[in-house]
Amino acid sequence: VVAGYGFRSTERCADWRDGFTLFESSVQSFPGSVRARYNLAGELLEREAFDEAEAHLLVAQKFTPGAPEVLNLLGEVEWRRRRTANARSYYERSYGVRPTPRALSGLCRTIVVGGQAEAGLEYCAAAASEYPADAMVLHFFGLALEASGRHEEAVHALLDAQRLEPGHAGI
């Protein structure tokens with residue numbers, strides 16, 4: 001019996017090699033687990049496997065329709081694909097279910113990049129308040145402020161973003 005458990009433990013150790021193998025194994029063992037699919041999608045997103053990440057999130061969404069976490073991650077998949085309008089749609093749906101800081105941040109950047117910086121100012125201000133140490137949030141907040149004619153505030157936000165991530169090429 002002890003040898004059997006030892007073998008099984010050794011076998012399961014391979015599942016714990018990294019987050020990807022852990023969550024992939026979890027999805028195989030528990031295909032209805034929304035959390036496992038969400039976590040695996042996050043790992044896939046980091047590997048830029050957008051189609052696979054989206055597939056797992058769409059399955060998770062079938063089990064928990066309208067779950068804000070799933071909608072936010074679907075928004076992130078679309079953002080990284082550079083499909084700004086699709087990303088914004090997911091963030092808006094998520095924000096409508098539960099106004100989370102991540103949904104605010106997503107709305108801020110998708111509205112600014114979509115050319116409606118002044119319209120996104122409210123979301124950007126709320127996101128900057130929630131995430132004062134997030135350089136990209138401050139960057140988009142600064143862009144929204146500038147588009148709204150608030151130059152001095154924009155410079156302050158953009159300098160804060162640059163101070164937080166001095167080597168970031170996009171800031």
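**View 1. Overall architecture of the predicted model, a protein of 10 helices and zero strands.** This is a predicted model, in which local features need pLDDT of at least 70 and side-chain atom pairs count only at pLDDT 80 or more, while totals for chains, interfaces and linings use all residues. Residues are numbered from 1 along each chain as its sequence is written, and side-chain values use heavy atoms, with hydrogens and water left out. Along the sequence the pattern reads α-α-α-α-α-α-α-α-α-α; helices (H or I, at least four residues) and strands (E, at least two) are DSSP runs, numbered from the N terminus. Of the 171 residues in the protein, 40% are buried (buried is under 20% relative accessible area, exposed over 50%, partly exposed in between, with a 1.4 Å probe and protein chains only). Among contacts (heavy atoms within 4.5 Å) with a separation of 6 or more, 42% join residues 24 or more positions apart.

**View 2. Packing of helix α3 (residues 34–46) against helix α4 (residues 50–63).** The two helices pack at an angle of about 160°, and their axes are 8 Å apart (axes are lines fitted to C-alpha atoms, for helices over the stretch in contact, and angles run from 0 to 180 degrees between N-to-C directions). The angle therefore makes α3 roughly antiparallel to α4 (angles under 35 degrees count as roughly parallel, over 145 as roughly antiparallel, 65 to 115 as roughly perpendicular and the rest as oblique). From α3, the contact is made by Val-34, Arg-37, Tyr-38, Leu-40, Ala-41, Leu-44 and Leu-45; α4 contributes Phe-50, Glu-52, Ala-53, His-56, Leu-57, Val-59, Ala-60 and Phe-63. The contact of α3 with α4 comprises 12 nonpolar, one polar and two charged residues (Ala, Val, Leu, Ile, Met, Phe, Trp, Tyr, Cys and Pro count as nonpolar, Asp, Glu, Lys and Arg as charged, and the others, Gly among them, as polar). Asp-51 also lies in α4 and counts as exposed, at 59% relative accessibility. In the loop between α3 and α4 lies Glu-48, a residue other than glycine whose phi is positive, near 60°.

**View 3. Helix α5 (residues 68–80) and the residue Arg-82 that follows.** Helix α5 has 13 residues and reaches 18 Å from its first C-alpha to its last, close to the 18 Å expected at 1.5 Å a residue (the expected span is 1.5 Å times one less than the number of residues). Because 11 of its 13 residues are buried, α5 is largely enclosed by the rest of the structure. The buried residues of α5 include Asn-72, Glu-76, Glu-78 and Trp-79, and the buried set packs against α3, α4, α6 (84–97), α7 (101–113) and α9 (135–147). Arg-82 has a positive phi of about 70° although it is not a glycine, and is exposed, with a relative accessible area of 71%.

View 4. Cys-108 counts as buried, at 1% relative accessibility. Not counting residues up to four places away in sequence, Cys-108 touches Tyr-123, Cys-124, Phe-140 and Phe-141. Cys-108 and Val-137 are 29 residues apart in sequence, and their C-alpha atoms are 7.7 Å apart in space.
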